[in-house]
Amino acid sequence: MIIQIYQAIILYRKFTADHIFTGYEILSSPTVLITDPLGVIIDIVDKKHAGDGVENLRGLLTPGFTNAHCHLELSHLKGMIPQKTGLVEFVQKVMSIRAASGELKLEAMVNAEAEMYKNGIVAVGDICNTTDSIPAKAESKLRWHNFIELSGFTDAVAQQRLDDMEKVYQQFMATNPRQRTSFSPHAPYSVSKKLFQLLNEATAGQIITIHNQESPAEDDLYRHKNGEFLALYKNFGIDFTAFEPTGKSSFQSWLPYFTNSQSIISVHNTFTGIADIAFSQSHLKENNSGLFYCICINANKYIEQKIPSIRLLMKSNFDIVIGTDSYASNLQLNILEEIKTIQRETNYEIPLQELLKWATINGARALQLHHTSGSFEKGKQPGVVLVEGLDNLQTTQHSFARRIL
Ligand SMILES: [Zn+2]
């Protein structure tokens with residue numbers, strides 16, 4: 001008898017709540033989520049057929065969140081970068097104060113990882129300029145895609161930059177081969193034509209990410225070779241005489257470099273317009289690549305005080321995902337806080353169900369983790385997260401998320 005009770009406890013966990021979001025929809029009927037003790041999904045069944053031992057929770061159950069854009073290695077900059085300065089000043093500030101002791105950086109990364117786990121994040125698309133984050137990720141329960149980021153605005157340094165970052169890439173691969181790792185360009189204003197071409201060759205068929213149209217200065221640079229970035233290059237002694245403007249927006253200038261079936265996560269898109277969206281649809285059809293628009297709304301408010309046209313992005317053929325960006329430009333690394341801001345800034349017109357989809361199954365698809373994450377489907381281990389403090393299926397300032405399993 002004792003053995004039977006013991007078996008019942010270790011074989012199943014059963015959860016019910018006011019609402020269950022599956023990764024695709026909020027179920028309307030009373031249901032129970034059944035998992036094994038490690039959180040592998042066994043089934044979702046009608047409450048009537050769930051049997052005993054059901055844990056009753058108040059709130060909404062959702063699969064774990066994907067943070068599609070983060071820089072774990074900048075976690076020690078929490079609270080150190082002034083807000084609302086605009087992107088050019090922000091970039092200069094980060095570059096000038098990012099150095100710190102290894103110990104301090106590691107402690108900040110370990111804390112940030114624990115915070116993300118606790119608030120329901122299960123997978124992260126993480127930008128890496130260095131090998132700093134390797135130890136913090138070694139014992140992590142989160143799933144990581146490491147984007148080894150390249151920059152270099154003159155063609156002369158392109159090959160050298162790729163060679164240098166190849167060493168970083170190899171260290172990530174050697175220390176944790178279970179984590180996925182790929183190269184990515186930093187941003188259109190920091191990557192030369194030759195470096196874009198080298199990256200196109202180096203990332204065939206892989207996932208890449210790029211900071212896109214985060215500032216209006218980026219379009220000024222590509223259209224007319226003027227604007228604020230010229231001052232930034234001067235400050236850092238970068239010779240930009242060889243740069244040729246394309247006469248097009250930044251997005252329409254960099255996207256055609258990628259012709260090798262990359263799946264692209266375009267991050268920020270704060271100044272992406274209707275012509276850019278139309279262009280991406282025709283370009284990507286021809287080149288058979290995927291595209292995801294990643295929104296980091298709290299970072300946009302922190303840096304530029306301007307947010308992307310979310311409704312416009314929703315009208316494109318491509319899916320939206322959500323990122324926190326880093327502690328250099330956010331007060332927390334918390335996907336529910338991003339959802340709360342999106343709802344507030346769009347007058348609660350986007351249903352919670354849609355936003356949860358961006359945060360769960362879309363994010364998992366963007367990082368190609370959808371076979372294990374992103375939805376309550378049999379055999380997946382997506383994490384079980386409870387969202388509390390909702391009002392009539394809308395977030396409120398008191399809403400918060402916590403990991404159950
Ligand atoms: Zn970023």
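# Strands, rings and pockets

Colleague: Which residue in β14 does Y293 stand opposite?

Modeller: Y293 stands opposite I320 in β14. This is a predicted model, in which local features need pLDDT of at least 70 and side-chain atom pairs count only at pLDDT 80 or more, while totals for chains, interfaces and linings use all residues. Residues are numbered from 1 along each chain as its sequence is written, and side-chain values use heavy atoms, with hydrogens and water left out.

Colleague: How many bridges between β13 and β14, and in which sense do they pair?

Modeller: Four bridges, parallel, with β14 covering residues 319–322. Two strands count as paired if DSSP finds at least two bridges between them. The strands (E, at least two residues) and helices (H or I, at least four) are DSSP runs, numbered from the N terminus.

Colleague: And how many bridges for β12 and β13?

Modeller: β12 and β13 share five bridges, also in the parallel sense. I265 faces F292 of β13 there.

Colleague: Why is β13 largely enclosed?

Modeller: Five of the six residues in β13 (290–295) are buried, so the rest of the structure largely encloses that strand. Buried means under 20% relative accessible area, exposed means over 50%, and partly exposed is in between, with a 1.4 Å probe and protein chains only.

Colleague: What is the strand order in the open sheet of four strands?

Modeller: The order is β2-β6-β15-β16, and the pairing is mixed. β6 (residues 60–63) and β15 (residues 384–388) run antiparallel and are joined by four bridges. P63 has V384 as its bridge partner in β15.

Colleague: Changing topic. How many aromatic pairs?

Modeller: Rings of Phe, Tyr and Trp (its six-membered ring) pair if their centres lie within 6.5 Å; planes under 30 degrees apart are stacked, over 60 edge-to-face, the rest tilted. The structure has 13 such aromatic pairs. F196 and F258 make an edge-to-face one, with 6.0 Å between centres and 80° between planes. That pair links distant parts of the chain, 62 residues apart: F196 belongs to helix α6 (residues 193–202), and F258 to the loop between α9 (250–254) and β12 (263–268).

Colleague: Are F196 and F258 buried or exposed?

Modeller: F196 and F258 are both buried. Y233 and F240 form a tilted pair, at 5.5 Å centre to centre and 45° between the planes. Y233 and F240 are buried as well. They also belong to one aromatic cluster, together with F153, Y189, Y222, F229 and F243.

Colleague: Where does the charged end of K141 sit?

Modeller: Over the ring of Y117, 4.5 Å from the ring centre. K306 lies over the face of F271, at 5.1 Å from the centre of that ring. A charge counts as sitting over a ring if NZ of Lys or CZ of Arg is within 6 Å of the ring centre and within 35 degrees of the ring normal.

Colleague: How many cavities of 30 Å³ or more?

Modeller: One cavity of 30 Å³ or more. I81, P82, T85, E89, F90 and K93 line the largest cavity.

Colleague: What volume does the largest pocket have?

Modeller: About 790 Å³ for the largest pocket. Its lining has 34 residues, with V91, M95, E149, S151 and H186 closest to the centre. α2 (87–97), β9 (143–150), α5 (158–175) and α8 (229–235) are the elements that give two or more residues to this lining. The most come from α2, with five. By class the lining has 17 nonpolar, eleven polar and six charged residues. Nonpolar covers Ala, Val, Leu, Ile, Met, Phe, Trp, Tyr, Cys and Pro, charged covers Asp, Glu, Lys and Arg, and the others, Gly among them, are polar.

Colleague: Which residues lie nearest the centre of the second largest pocket?

Modeller: V122, K141, L142, R143 and R178, out of 24 lining residues. The second largest pocket holds about 490 Å³. β9 gives the most to its lining, three residues.

Terms used. On a 1 Å grid over the protein atoms alone, a cavity is a set of points where a 1.4 Å probe fits but cannot get out, and a pocket is an open set with protein on both sides within 12 Å along at least five of seven lines; lining residues have an atom within 4 Å of a point. Grid points are joined across faces, edges and corners, and a volume is the space filled by probe spheres set on the points.
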